[in-house]
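Let's take a walk through a protein together, one neighbourhood at a time. Keep the picture turning as you read, and look for each residue when its name comes up.

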Amino acid sequence: MEEITLDFNAAPAGQKALDAEQPPVKVVLLALDQGRFDARRSLDELAALAEANGMEAVATVCQKRSTPEAATMLGEGKVEEARLVCMNTGAETAIFDGELTGSQIRNLSAALQVEVLDRTMLILEIFRARATTNEGKLQTELATLKYRMPRLQGLGEALSRQGGGGGGGGGARRGAGETKLELDRRYLRGRIEKLEERLKELEKRRDETRRARRKNGVPVIALVGYTNVGKSSLTNALCGAEIYEADMLFATLDPTARKLTLPSGLQVIVVDTVGFVSRLPHDLVDAFKSTLEEAACADIILKVADASDSEAAEQLSVTDEVLSSLGCDEIPQIVVYNKCDRAGVAPYDPDVLLVSAKTGYGLDALRSRMDEILAHRVRTIEVVLPYDQLALADVFRSRGSVLAEEYRGDGVYYKATVKVDDLHRFEDYLI
């Protein structure tokens with residue numbers, strides 16, 4: 001029997017152009033407008049997703065109709081129009097703005113005579129290309145396999161039925177054997193089970209890290225928001241860390257944690273989480289749940305939006321939907337409009353902070369706001385520690401901050417910030 005090999009690590013469509021620095025792959029965008037959302041906005045986002053995957057959207061074919069065509073989503077006339085557009089523009093791929101079934105992918109590919117992807121497949125390809133940590137790669141592969149499982153039958157001739165029977169002479173007959181489709185499904189089910197087991201192990205480690213943070217009393221600040229609103233840039237501006245940043249969707253995927261000292265001296269951990277996008281595939285949300293749960297376990301959530309984007313309010317609503325699904329409604333939240341240096345008219349709302357990671361505008365106000373919310377965690381105290389008790393000063397340096405230090409005859413004077421949980425250690429030495 002022929003051995004089954006599925007190469008899910010092959011370079012995604014469009015990624016070859018990025019790797020070899022070749023011209024971007026030309027693609028045509030397809031959409032069915034049923035009036036459920038802003039089709040133009042969605043197509044603009046799809047074009048940005050294609051660009052992030054090393055592709056160039058050269059044309060758009062959109063059809064307005066209340067019900068989709070079962071076989072191809074688009075009507076017969078629009079499919080023919082799309083075929084001519086692909087041929088005249090030299091497009092190698094067509095991307096549909098929505099999810100397609102396996103048979104619809106096969107039918108559209110045959111009709112257009114080019115490779116066909118849907119919106120979810122494109123996002124999965126971007127995630128697969130950008131994930132750098134072991135957990136990120138496993139999560140992306142799991143989401144990809146779960147998405148492909150019900151679509152195997154439509155993903156190409158490679159999944160055709162194996163030949164059987166007739167061998168051995170004398171009219172001998174063998175059974176048709178197991179089809180390649182069945183073998184592929186069995187392979188995928190086994191691979192999915194292994195990935196889920198490995199991710200459970202990694203999730204246990206992540207939980208242990210969270211418990212260690214809680215035990216040490218280190219507050220966690222989670223940055224969440226739409227992709228490409230500048231979360232990584234804001235983290236770099238606040239913490240002085242060097243996280244990769246770029247003006248494209250999903251420039252960074254894997255969560256990063258950095259230490260930040262607030263004006264009060266309180267040390268916190270800032271976590272930059274994966275970005276959101278409208279209609280984020282459910283399999284991706286499930287696969288990256290352990291990563292997104294950094295927000296659910298945070299002490300403060302910074303909801304970051306792009307002040308220069310006219311759809312910033314809609315982006316925040318997408319963020320709110322995901323956070324609500326994770327049970328984050330009771331966690332203190334700060335709305336932050338980044339890139340205000342680009343904005344023509346800034347939104348007026350006393351609860352919204354305007355910042356610019358590029359120029360540094362508003363960062364001090366943001367730090368102060370975080371301090372206000374966490375004020376119950378720290379106190380500023382003055383103590384004189386006897387020389388035989390100077391080991392206690394390490395508490396200031398490791399869990400708070402030293403504001404003043406003076407050597408005296410009876411000991412060392414400290415003015416310092418200390419966590420409320422540590423106050424009892426200094427009761428005998430307070431001034």
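This is a predicted model: local features need pLDDT of at least 70, side-chain atom pairs count only at pLDDT 80 or more; totals for chains, interfaces and linings use all residues.

Start at V378, whose bridge partner in β13 is K419. Residues are numbered from 1 along each chain as its sequence is written, and side-chain values use heavy atoms, with hydrogens and water left out.

Now widen the view to the strands. β11 and β13 pair in the antiparallel sense over 8 bridges; two strands pair if DSSP finds at least two bridges between them. Together with β12 they make an open sheet of 3 strands, in the order β11-β13-β12, with antiparallel pairing. At the edges are β11 (378–385) and β12 (401–408), each of which pairs on one side only. On average, neighbouring strands of this sheet are turned by 15 degrees against each other, direction ignored. (Axes here are lines fitted to C-alpha atoms, for helices over the stretch in contact, and angles run from 0 to 180 degrees between N-to-C directions.)

Next come the aromatic rings. Rings of Phe, Tyr and Trp (its six-membered ring) pair if their centres lie within 6.5 Å; planes under 30 degrees apart count as stacked, over 60 as edge-to-face and the rest as tilted. By this rule the structure has 2 aromatic pairs. In one of them, F396 and Y414 are tilted, at 5.5 Å centre to centre with 50 degrees between the planes. This pair links distant parts of the chain, since F396 sits in helix α13 (residues 393–399) and Y414 in strand β13 (residues 411–419), 18 residues apart.

F396 lies in helix α13 and F426 in the segment after β13, so the pair ties together parts that are 30 residues apart in sequence. F426 is buried, as F396 is.

Let's turn to charged partners. A salt bridge is a side-chain nitrogen of Lys or Arg within 4 Å of a carboxyl oxygen of Asp or Glu, and the structure holds 13 of them. In one, the side chains of D97 and R119 meet at 2.8 Å, N to O. D97 lies in the loop between β3 (93–96) and α4 (102–112) and R119 in helix α5, so this pair ties together parts that are 22 residues apart in sequence. Both residues, D97 and R119, are buried.

K339 and D306 form another salt bridge, with their closest N and O atoms 3.6 Å apart. K339 lies in the loop between β9 (333–338) and β10 (352–354) and D306 in strand β8 (residues 300–306), so the two join parts that are 33 residues apart in sequence. K339 and D306 are both buried. K78 is partly exposed, with a relative accessible area of 21%, and E81 counts as partly exposed at 34%.

Helix α5 (residues 119–130) also holds E125. What does the side chain of E125 make a polar contact with? The partner is the side chain of N53, at 3.3 Å. (A polar contact is a pair of N or O atoms within 3.5 Å; within protein, one must be able to donate a hydrogen and the other to accept it, and residues adjacent in sequence count only if both atoms are side-chain atoms.) E125 is buried, with a relative accessible area of 8%.

Our last stop is helix α12 (residues 363–373), where the buried residues are L363, L366, R367, M370 and D371. They cover an arc of only 140 degrees around the axis, which puts them on the same side of α12. The arc is that of the directions from the helix axis to the C-beta atoms. Turn to the other side of α12 and you will find D364 and E372, which are exposed.

Definitions and conventions. Helices (H or I, at least four residues) and strands (E, at least two) are DSSP runs, numbered from the N terminus. Buried means under 20% relative accessible area, exposed over 50%, partly exposed in between (1.4 Å probe, protein chains only).
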